[in-house]
Amino acid sequence: MLTTLLRDSRALATLAVPLVLTQLAQVALTTTDTVMMGMLGTQELAAGGLAIVIFNQLRTMGVGLVTSVGNQIASAAARVERAAADTGTEKREGEGHAEVRGIVRASMAVATLAAIAGAILMILIGQALTWLGQDAAVVERTRTMLLALAPGLLPCLWFQAIRQFTVGMRRPQALLQITIVSIAVNVGLNWVLIHGTWGLPRLGLTGIGVATSTVYLLSFLALYMAARRDSELSPLLSLNVAKADPATVKRLIGLGAPIAATYGSEAGFFSITALMAGSFGPAALAAHTAVNQLVYIAFQVAVGLSHAASINVSRELALGRPDDARRIKNTALACAAAVMTVVGIVYLALPQLVLAPFLDSGSDQALTIATHLLMVTAFLQFFDCAQNIGVGLLRGLDDTRSGFRITLIGYWAVGLPAAWLLAHPLGLDTLGIWLGLLTGLAATAVLLLRQYSRGLARHVAEVPA
């Protein structure tokens, strides 16, 4: 049993490790943004954190629309591989290229439409913040930040479309290199635009938004050029949106819309709790922002494992190996639990050290609130990882609808009422919000993993031996 687990872990790690490292490198972008916001003051951290929450809400939903691209490309490549194996022939050059190129074109079309719609919504949401009980000074800063972030959504989603293409082809290595370089570029641009060095205007908090949008554009261009230099990827990379097949676009939207709704449901759950925290004042919102960023960092391990498990499930089922697909769930969960145990111990043992980069120059009240939230986070992240892996596993079955239905139950029917009850009637304030988050994530994780086991059993029963 242990030998099998170790073998499966190595197979999962081959794809998961580059993805996890890439995710962690990507989250370093928003982490450095959050740290620099904290250096500007508590109100700036609250305003910038609120803007990032809104941006992440819409970005996450846009990413969801193209997430199925990786699974579709992995399945197409595996079918060609299986056909070659069944006939005893070598895979012919160019075989299956037309299908993959069509998927790539369609994914770029979907990404473009989603980015334009998301940018418009971002600005409209900013105008509505005063109706949601937020501090007026915070709202004014948030709106300006959103205007700077909105243009970055387009290259951000283009990057994600090409990323899914490289992951589906099991060639994600360039992602990590590009993202690491983008961290350094982001830090430099943040500093220059915040303080107005080298003759540039001093933009303060807005400079962080401009820097982020610029980095997204540079990252997209770098990934595109890297794929063009790859001999295996280059023949398949076609970005001509005008030639996108409407039927393929429709199919990707059909698969992606429930994923976007699922991701949006989760992000919306966290967005609403951010607004709830803001109602308790700038210190509570600053504490919530700092701890939420720490959760977001640890969550990237689950995202990488989820993507890798999802791609591997699609591949194993296309190759006719359902037993291997069944073991992927336990392997991914075991890997996630091991990492989250280590992270949780650090949170509980060294809370002030962990929070110092975000709240060192903030108020003592914000630091005290955040320290209490970290205690909840040490346990919450296990369920957060498990539910994300569950969504990925279902995506491997081409079941993108169940995840959305389950998140509606777990987040909104269980988690949000629990957060409100604990925060207001029971008087736990921000701590109660996070206990509600934990409750909702736990319920969602259990339901998603149970659905995957049932869905895989149905798939095996329906496919002829």
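**Close-up views of a predicted model**

Figure 1. Phe 270 is buried, with a relative accessibility of 12%. Phe 269 is likewise classed as buried, at 0% relative accessibility. The model shown here and in the following views is a predicted one. By the pairing rule applied, six aromatic pairs are counted. One of them joins Phe 269 and Phe 270 in an edge-to-face arrangement, with 6.1 Å from centre to centre and 70° between the planes.

**Figure 2. Confidence along the chain.** The protein has a mean pLDDT of 84, and 92% of its residues reach 70 or more. Confidence is lowest in helix H1, residues 2-40, where the mean is 72. The highest value, 92, belongs to helix H13, residues 401-423. Where pLDDT is low, the predicted coordinates should not be read in detail.

**Figure 3. The largest nonpolar core.** This core holds 133 residues, and the members that touch the most others are Met 122, Phe 165 and Trp 434. Helix H9, residues 282-318, gives the most to the core, with 20 residues. A second, separate core consists of five residues, among them Ala 25, Ala 28, Leu 29 and Ile 183. In soluble globular proteins, nonpolar side chains tend to be buried together.

**Figure 4. The surroundings of Met 122.** Residues up to four places away in sequence are not counted in this view. Met 122 touches Ile 54, Phe 55 and Leu 58, and also Leu 146, Leu 149, Ala 150 and Leu 153.

**Figure 5. Helices H9 and H14.** The axes of these two helices come within 13 Å and cross at roughly 5°. An angle under 35 degrees counts as roughly parallel, and H9 and H14 are therefore roughly parallel to each other. On the H9 side the contact is made by Ala 284, His 288, Val 291, Asn 292, Val 295, Val 313 and Leu 317. H14 contributes Thr 430, Trp 434, Tyr 452, Leu 456 and His 459. Trp 434 is also one of the residues that touch the most other members of the largest nonpolar core.

**Figure 6. Helices H8 and H12.** Helix H8, residues 246-278, packs with H12 at an angle of about 175°, and the axes are 12 Å apart. H8 is thus roughly antiparallel to H12. From H8, Ile 259, Thr 262, Tyr 263 and Glu 266 take part in the meeting of the two helices. Their counterparts in H12 are Asp 384, Gln 387, Asn 388, Val 391 and Arg 395.

**Figure 7. Ser 75 within helix H2.** Ser 75 lies in helix H2, which covers residues 42-87. A relative accessible area of 13% makes Ser 75 a buried residue, because buried means under 20%. Apart from neighbours within four places in sequence, Ser 75 is in contact with Ser 314 and Ala 318.

**Figure 8. Two aspartates with positive phi.** Most residues other than glycine have a negative phi. Asp 398, however, has a positive phi near 60°. Asp 398 is found in the loop between helix H12, residues 364-396, and H13. With a relative accessible area of 44%, Asp 398 is partly exposed. Asp 429 also has a positive phi, near 55°. Asp 429 is found in helix H14, residues 429-462. The relative accessibility of Asp 429 is 36%, and this residue counts as partly exposed.

Notes
Residues are numbered from 1 along each chain as its sequence is written. This is a predicted model: local features need pLDDT of at least 70, side-chain atom pairs count only at pLDDT 80 or more; totals for chains, interfaces and linings use all residues. Side-chain values use heavy atoms; hydrogens and water are left out. Helices (H or I, at least four residues) and strands (E, at least two) are DSSP runs, numbered from the N terminus. Buried means under 20% relative accessible area, exposed over 50%, partly exposed in between (1.4 Å probe, protein chains only). Contact means heavy atoms within 4.5 Å. pLDDT is the predictor's confidence in each residue, from 0 to 100. A nonpolar core is a set of buried Ala, Val, Leu, Ile, Met, Phe, Trp, Tyr and Cys residues joined through side-chain atoms within 4.5 Å. Rings of Phe, Tyr and Trp (its six-membered ring) pair if their centres lie within 6.5 Å; planes under 30 degrees apart count as stacked, over 60 as edge-to-face and the rest as tilted. Axes are lines fitted to C-alpha atoms, for helices over the stretch in contact, and angles run from 0 to 180 degrees between N-to-C directions. Angles under 35 degrees count as roughly parallel, over 145 as roughly antiparallel, 65 to 115 as roughly perpendicular and the rest as oblique.
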